[in-house]
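Please keep the sequence and the structure in view while reading.

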Amino acid sequence: MGVKLLDLISQNSELKGELVEKFSAVIDSGSFILGPEVELFEKNVADYLHCKYTLGVSSGTDALLLALMALNIGTGDEVLCPGYTFFCTAGCVARLGATPLFVDVNYDDFCISIADLEAKITPKTRAIIGVHLFGQACDCEAILELCRQREIKFIEDCAQSLGARRNGKQSGTFGDIGCFSFYPSKNLGGFGDSGLVCTNDESTYEYMKILRTHGMKRKYFHSYVGGNFRIDALQAALLNIKLKHLDRYIGGRIGNAEFYLEKLAELESLRLITLPKVAAGNKHTWNQFTVKVHASERGKLRQYLLDRGIGCEIYYPLPLNRQECFEKYANNLPVAERLASESLSLPIYPELAANHLSLVVSTIEDFFG
Ligand SMILES: Cc1ncc(COP(=O)(O)O)c(C=O)c1O
């Protein structure tokens with residue numbers, strides 16, 4: 001019996017009849033890009049987030065790129081972002097000719113360190129990208145405070161955190177713009193690439209709407225240089241169906257996380273493993289369940305699990321400050337570098353069977369003897 005790191009088939013097959021019926025309706029509608037399904041999806045997500053404006057876009061990456069473009073970030077600007085995150089958080093900054101300045105993260109929650117963030121603000125800092133890594137929000141209130149004092153913009157990278165709350169408020173609704181991904185492995189996973197931006201500011205929304213379609217206000221009259229950041233009707237249609245189940249999916253992840261936290265507690269008390277921590281006030285949505293194991297043991301544990309058919313993954317093996325393409329922005333981030341050598345993510349998807357969860361735990365216990 002193996003345990004996959006992620007099984008997309010079980011979640012989607014439960015909805016197959018409804019999805020096929022909806023796809024058939026979209027095919028018959030002849031409307032494949034933007035259109036009514038997309039508008040409905042935008043409204044549904046806005047209601048879910050309690051946010052005024054949302055726009056469906058082509059991916060989480062494009063959501064970030066669009067957000068940065070809408071804030072007119074470019075050459076000469078510095079954008080502070082955590083060094084421990086998926087590449088594109090900083091890749092989008094560099095693509096616009098701005099400088100990504102890497103900030104260290106907290107060992108406990110993997111999120112941006114407020115102390116290091118404050119220390120790295122310069123007169124060139126135009127924006128901070130806070131990443132709600134693995135499904136729990138970073139310290140949004142502290143970031144907002146730093147931003148307010150200095151007129152710095154706050155972009156939230158919520159690619160992994162749809163549904164996460166901080167002190168009751170949805171992630172993505174603290175800053176100027178929230179950026180979401182519906183990549184298949186996310187808590188709300190599509191059948192391909194898609195994403196969404198949200199904001200409570202009307203003019204930012206209007207600007208992003210124009211930028212989403214090549215900066216066109218009227219057809220073939222371009223006011224700005226935008227891009228093709230549009231979302232497909234088929235993606236929106238299926239996401240409309242899956243969104244209704246999102247809280248149940250998140251509930252499944254929370255249940256699985258609670259199981260691991262309880263069953264692996266003894267290994268933690270023996271200091272063989274460090275379990276993920278939920279910061280005060282956070283509702284964690286567990287897009288990933290990431291443990292930490294001493295660097296000398298991490299690779300061995302990973303191989304031990306893989307050899308026994310248990311999926312696991314290292315998110316992320318190299319922090320952004322050490323990536324080849326970011327050589328000119330390299331700096332020292334002790335915690336990010338330590339996390340890159342210690343982190344190991346375990347299967348956590350909502351449909352995991354109880355015997356699979358137990359097998360993951362017992363195999364880790366066997367490894368440590
Ligand atoms: C933290 C983070 N930001 C941004 C993205 C980009 O999203 P997408 O893959 O939809 O472009 C991802 C996706 O993995 C992510 O994990």
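At what angle do helix 2 and helix 9 pack, and how far apart are their axes? In this predicted model, helix 2 (residues 16-29) and helix 9 (residues 233-243) pack at an angle of about 145°, and their axes are 10 Å apart. The points below cover this helix pair, the domains, the sheet, the nonpolar cores and several individual residues.

**Helix 2 and helix 9**

- The crossing of helix 2 past helix 9 is right-handed.
- On the side of helix 2, the contact is made by Glu18, Leu19, Lys22, Phe23 and Val26.
- Helix 9 contributes Ala233, Leu234, Ala237, Leu238 and Ile241 to this contact.

**Domains and their contact**

- The protein is divided into two parts, domain 1 (8-243) and domain 2 (246-367).
- Between the C-alpha centres of domain 1 and domain 2 there is a distance of 24 Å.
- The contact between them involves 35 residues of domain 1 and 32 residues of domain 2.
- Helix 1 (8-13), strand 3, strand 6 (165-166) and helix 9 are the elements that give two or more residues to the side of domain 1 that touches domain 2.
- Strand 3 gives the most to that side of domain 1, with 4 residues.

- An open sheet is formed by 7 strands in the order 1-9-8-5-4-2-3, and the pairing is mixed.
- Strand 1 (53-57) and strand 3 (99-103) stand at the edges; each has a single partner strand, and therefore one side of each is left without a neighbour in the sheet.
- From one strand to the next, the twist averages 20°.
- The pairing of strand 1 with strand 9 (residues 195-199) is antiparallel and extends over 5 bridges.
- Within strand 9, Val197 is the bridge partner of Leu55.
- Helix 8 (residues 202-212) lies across strand 1, strand 8 (177-181) and strand 9, and runs at about 15° to strand 1.

**Nonpolar cores**

- In soluble globular proteins, nonpolar side chains tend to be buried together.
- The largest nonpolar core has 76 residues, of which Leu66, Ala67, Leu68, Cys179 and Val197 touch the most other members.
- Helix 4 (residues 60-70) supplies the largest share of this core, 8 residues.
- At least three residues of this core come from each of domain 1 and domain 2.
- A second, separate core comprises 20 residues, among them Val3, Leu264, Trp286 and Phe289.
- Leu68, one of the residues with the most contacts to other members of the largest core, touches Ile73, Cys92, Val93, Leu96 and Ile155, not counting residues up to four places away in sequence.

**Helix 13 and its surroundings**

- Ala336, Leu339, Ala340 and Glu342 are the buried residues of helix 13 (residues 334-342).
- These buried residues pack against strand 13 (289-292), helix 12 (295-307) and strand 14 (343-346).

**Leu133, a buried loop residue**

- Leu133 is found in the loop between strand 4 (125-131) and helix 7 (140-150).
- Leu133 counts as buried because 28 other C-beta atoms lie within 10 Å, where 20 or more are required.
- Leaving aside residues up to four places away in sequence, Leu133 touches Thr85, Phe110, Cys111 and Gln160.
- Leu133 and Leu270 are separated by 137 residues in sequence and, C-alpha to C-alpha, by 27 Å in space.

**Backbone geometry in loops**

- Tyr315 and Tyr316 are joined by a cis peptide bond, with omega at about 10°.
- Tyr316 is located in the loop between helix 12 and helix 13.
- His214, a residue other than glycine, has a positive phi near 55°.
- His214 is in the loop between helix 8 and strand 10 (216-218).
- His214 has 16 C-beta neighbours inside 10 Å, so it counts as partly exposed.
- Tyr220, also a residue other than glycine, has a positive phi near 70°.
- Tyr220 lies in the loop between strand 10 and strand 11 (221-222).
- With 6 other C-beta atoms within 10 Å, Tyr220 is exposed, because 12 or fewer place a residue in that class.

Definitions and conventions
Residues are numbered from 1 along each chain as its sequence is written. This is a predicted model: local features need pLDDT of at least 70, side-chain atom pairs count only at pLDDT 80 or more; totals for chains, interfaces and linings use all residues. Two strands pair if DSSP finds at least two bridges between them. Axes are lines fitted to C-alpha atoms, for helices over the stretch in contact, and angles run from 0 to 180 degrees between N-to-C directions. Two residues are in contact if their C-beta atoms, placed from the backbone, lie within 7 Å. A nonpolar core is a set of buried Ala, Val, Leu, Ile, Met, Phe, Trp, Tyr and Cys residues joined through C-beta atoms within 7 Å. Domain bounds come from an automatic or database domain assignment. A crossing is left-handed if the near helix is turned anticlockwise from the far one by less than a right angle, and right-handed if clockwise.
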